[in-house]
Amino acid sequence: MEEMNVFTAKTVDEAIDAGLSALGITREEAEIVVLEEGKKKLFGSVKAKVKVEKRASDAKRAADFIDGLMEILKLSAVSEIQESEDNIVIDIKTTDSAKVIGKRGDVLDAIQCIAGAVANIGRNEYKKVVVDCENYRSQREETLKELAEKLAKKAVEKGRKMTLEPMNPYERRIIHSALANNTEVKTVSEGKEPNRYIAVIPNNAKPYDKGLRYGEKKPFGARNDNRRREVRGEKNFDRRGGRGGRPTGGNGGAKRGKKEIYFGTFLGNSGAKEE
């Protein structure tokens, strides 16, 4: 065994075998770099030289990536790993959690996305990676579950479809799961990424209802749209020739049979004429 896990032998295979034996690992567990091919010369020969190291675990690669990223961002942080057969959880310990988490976890989600790609390099089956900071994930999950219950209750009370602001797939799954057993509403995802959002539809929703964004109030007088159109229509012309009882001239009214000209958009029956 030589310095820095470099091994030499007559051939590359023999050098690799020497390295694996010295480290007590299998070929699948090793990272191998051939530094020099063995070859014969006119006088003597040149030995093969390889570097053999134990391959870092998937979790370790992801954690090393995060630590390197924190250094680039000039943030003091340490990554702690919890690995199981199904997933990898990396918890970032830092004194500046606000910068690591970001607004509604957008920075943390970006770190998690890239760390997941790093951890799954060379894997045939994808392994889930969760990156957390200061217990943000569990706190956010509880907040979303409470929001889902409030939204479902409000949708049933109003008899209307309610929609949330766009969320990432992870948070949408939490909402769907929270209301999966609710017998009064159903949830669907609508829109396209990155603006895909959840709609909560009560069983008593009207078929023509377009829904409201959560927290949004229905426009004042929106229920009386049809009534306003009727009031502005031809049926309500009074004897003075005005619409809605308003006089059309300074003399208190228009002459019968005289065509009136109005500025603006007329919302009544455009094909009707005065008698």
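In helix α2, residues Asp58, Arg61, Ala62, Phe65, Ile66, Leu69 and Met70 meet Ile111, Ile114, Ala115, Val118 and Ala119 of helix α4; contact means heavy atoms within 4.5 Å. By class, this contact of α2 with α4 has 10 nonpolar, no polar and 2 charged residues (Ala, Val, Leu, Ile, Met, Phe, Trp, Tyr, Cys and Pro count as nonpolar, Asp, Glu, Lys and Arg as charged, and the others, Gly among them, as polar). The model is predicted, with pLDDT of at least 70 needed for local features and 80 or more for side-chain atom pairs, while totals for chains, interfaces and linings use all residues. Residues are numbered from 1 along each chain as its sequence is written, and side-chain values use heavy atoms, without hydrogens and water.

The axes of α2 (residues 58-72) and α4 (residues 106-119) come within 8 Å and cross at roughly 140°. Axes are lines fitted to C-alpha atoms, for helices over the stretch in contact, and angles run from 0 to 180 degrees between N-to-C directions. Helices (H or I, at least four residues) and strands (E, at least two) are DSSP runs, numbered from the N terminus.

An open sheet is formed by 3 strands in the order β1-β5-β2, with antiparallel pairing; two strands pair if DSSP finds at least two bridges between them. β1 (6-9) and β2 (30-36) are at the edges with a single partner strand each, so one side of each has no neighbour in the sheet. From one strand to the next, the twist averages 30°. Strand β5 (residues 48-54) is joined to β2 by 6 bridges, and Val34 stands opposite Val50 in β5.
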